[in-house]
Amino acid sequence: MASVGAENNFLSRRRREGGEDNDAVDVKKNRNEPSRLESCLDQPVDLSVREVVKFMPSPLSAKHYDADTTEPISCGLRTMEELLSWKRSEANPFNVAVVPLAPRDPPLARCPRRTLVSHDMMGGYIDDRFIQGTNAETPYSFYHWQYIDIFNYFSHVLVTIPPVVWTNAAHKHGVVVLGTFITEWTDGAAMCEAFLKDEESYRAVADKLVQISRCYGFDGWLVNIENTLSEVAVKNTPLFLRYLTDQMHERVSGSLVVWYDSVIENGQLKWQNELNPSNRMFFDACDGFFTNYNWTEQSLEFMKDYSGAQRRQADIYVGVDVFARGQVVGGMFETNKALELIRKHNFSTAIFAPGWVYETHDDKSEFRKNQNKFWGLLSNYLYVHRPASPLPFISSFCQGFGKAVYWRGQPEMKGSWFNLTAQEIQPLYYHQNLEAEGWLRTSGCPEDAWNGGCSLLLDGVIPATRITPVCAKIFSLQVPLALKTLVTFIFKASPGITVSLELKTTDASQCTHVDVQEVSLTSVSPEVLADGHQLVTQMSQLCGSRNPGGWTVRCSQVELHGCVLREVCVRIQRDGEAQDTPFSCRVGEIMILDAAGLQVPPELIQGLCIDDVVWLRGAGSSPQSSPSLRLNATLRWDYPVGLVRHFRVYWRRLRGPDPRIPPGQLVAVGQAYSNLFRVTELVVPEPPALLELVVEPVIKKGFLVPESHWGRRSLSYTADLTQ
């Protein structure tokens, strides 16, 4: 069995505040004698990797790894030379998205009025640049994915490559992700003159942008040329856009290229705040047009009648600056005023810098409250998109950050953490007024959780006048059900209420017609299974002891034919006499499974290897710790990532330096979300020693994977006797 929480690096790494650490740390790269550490393919699986601890500079890319800790980090490209010399072989393997774009209903192509979010916050690449997470206490996160269609990561570097944590989280919810290609000021004008001078030059730039998008697994580009262009350059700009768009469509399914309202047909930098004959040439060459923010209702009325916009109104994203800079409609907590006008005229919208709710409010502990308020005010003008992946449907509501990491109701690691890749399918967040003085609210609760960083808190007041249950809709879905569907519902309710689950389904035939949004729904109350039922026993055997710790674990089944699940609701009924009844219910996890598929996957972790070993001698991220020997290494393996919630990575000492000390227990190092993990600052025994690194798949369905299916690799290391 494994012990956990030996160090505070279980899931997240330390937050870098900028500048150099005070601790003097010697960075050492270990090399075998006579040759470097074997490549993954060359490492025999039945032999330990052998290393000699040597003090040498780290060979890892300073762009892709933190200089002090070797943590993998995300970054963009700052110069045209960097872009044109970019090679896939030199790309950051940790920044490659592992979550494919999930299906949703309606899909982007059928959305008549779309919502694009352009995330421009504090220069970009802050807490989110740490690919394996960080221990930020009050990070910015986004979790209202059901409202948006497109997510653009924006910064002011030439090529903004979205941090993989954003791509993974967005794709999990079916949201398209765009990077940014931007030129600005005098330097930008010079770059444009160089790459837009002829066909060969602009094609070279476009080809690199396509390669980068394909390599890192995101879906396209926002192109923002905010500098004047010469006659030649502006003539070639639509050709560049058309070539880039065509190449993206050919090589990246579902990709988009969107142009920002900036220069006009004569090359002047002159924001139009609308689509018109001065900038239509750019719109015609790509997938979308993002207007500047100083529009008026007259601008919208003009575009509605403009011939260049006909049949493509959905591709016009009317920009809204949440900071309300300049002469704009709405902004801040009045952004809804802008959306009201935009939707009135049937346009899409681009919401720029919604991180305003975080940046401008000093009390970061109020972030969730402000975030929910902001998106709640917009909700009447946004459209809920339904996850449409086949079963299983699973969520423990983790928002990708929290005060602890929980597993089955118990904290595995205490302390603040942030990693958006850990985010799970998000529910509907709202505040609803009931009759009389009653109300209902859904929100993320980091104070307690079943898995991950938070649970879903349902709280409110059941008014005395209400005799029917309060029904809290927590998911809108488009998920075909199996003939026999197993539902597990894990919750923790306050006294005085009865909690149950309600599913709303429709006949699958009603969901086959394009653009059918309103369908008749049938309420289904899943049959709660007794503890001795075969399916309950089978789940217990597969999942092991779940040790609820105050949580109720309820298994139910539904037998339906040809049905699609459309809504998941929690019903809350007052137990006592009719009076205003405050209540709270934490929902820890919902799992909806095909009962015919209850089995542990047969796959084994294969090919676990260790490379890019770097040794640190120092106090590490904790100033109080002693200068210890710290292992940093990359682990790689093969396993179907789609089966897992994450991988747990452990280590243990097998022997050394004192042979009288018995082997140690497994100690948790961290969690991985792909077949790749960077061990950083792991305190290990002094040489000579032998340790083992172990990888356990944690299956989405909660089934325990036998240890014989885990990956293991030993590392033997000795002191450098030549120094």
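On a 1 Å grid over the protein atoms alone, a cavity is a set of points where a 1.4 Å probe fits but cannot get out. Grid points are joined across faces, edges and corners, and a volume is the space filled by probe spheres set on the points. The model is predicted, so that local features need pLDDT of at least 70 and side-chain atom pairs count only at pLDDT 80 or more, while totals for chains, interfaces and linings use all residues. Residues are numbered from 1 along each chain as its sequence is written, and side-chain values use heavy atoms, with hydrogens and water left out.

Five cavities of 30 Å³ or more are found by this rule. The largest cavity holds about 150 Å³ of space. It is lined by 15 residues, of which Phe94, Ile131, Tyr673, Ser674 and Leu676 are the closest to its centre; a lining residue has an atom within 4 Å of a point. Two or more lining residues come from each of α2 (164-172), β33 (666-672) and β34 (676-683), where helices (H or I, at least four residues) and strands (E, at least two) are DSSP runs numbered from the N terminus. The lining of the largest cavity comprises nine nonpolar, six polar and no charged residues. In this division, Ala, Val, Leu, Ile, Met, Phe, Trp, Tyr, Cys and Pro count as nonpolar, Asp, Glu, Lys and Arg as charged, and the others, Gly among them, as polar.

A pocket, by contrast, is an open set with protein on both sides within 12 Å along at least five of seven lines. The volume of the largest pocket is about 1300 Å³. Among its 50 lining residues, those closest to the centre are His144, Tyr147, Leu428, Tyr429 and Tyr430. The elements α10, β16, β19, β22 (470-480) and β28 (563-574) each give two or more residues to this lining, and the largest share, eight residues, comes from α10. The lining of the largest pocket divides into 16 nonpolar, 17 polar and 17 charged residues.

Helix α10 (residues 367-378) has 12 residues. From its first C-alpha to its last, α10 reaches 17 Å, close to the 16 Å expected at 1.5 Å a residue; the expected span is 1.5 Å times one less than the number of residues. Phe367, Arg368, Asn370, Gln371, Phe374, Trp375 and Leu378 of α10 are buried, buried meaning under 20% relative accessible area, exposed over 50% and partly exposed in between (1.4 Å probe, protein chains only). Seen down the axis of α10, the buried residues fall within an arc of 165 degrees and therefore line one face of the helix, the arc being that of the directions from the helix axis to the C-beta atoms. The cover over these residues includes β5 (115-119), α8 (335-344), β13 (348-352), α9 (356-359), β16 (401-407) and β19 (439-445).

Several loops carry backbone features of note. The peptide bond from Leu391 to Pro392 is cis, with omega near 10 degrees, and Pro392 lies in the loop between β14 (386-387) and β15 (393-395). A cis peptide bond also runs from Pro687 to Pro688, with omega near 0 degrees; Pro688 is in the loop between β34 and β35 (689-699). Thr70, although not a glycine, has a positive phi of about 65 degrees. Thr70 is placed in the loop between β3 (49-53) and α1 (80-84) and counts as buried at 2% relative accessibility. Arg311, also not a glycine, has a positive phi of about 65 degrees. Arg311 sits in the loop between α7 (297-305) and β12 (316-321) and is exposed, with a relative accessible area of 83%.

Technical notes
Contact = heavy atoms within 4.5 Å.
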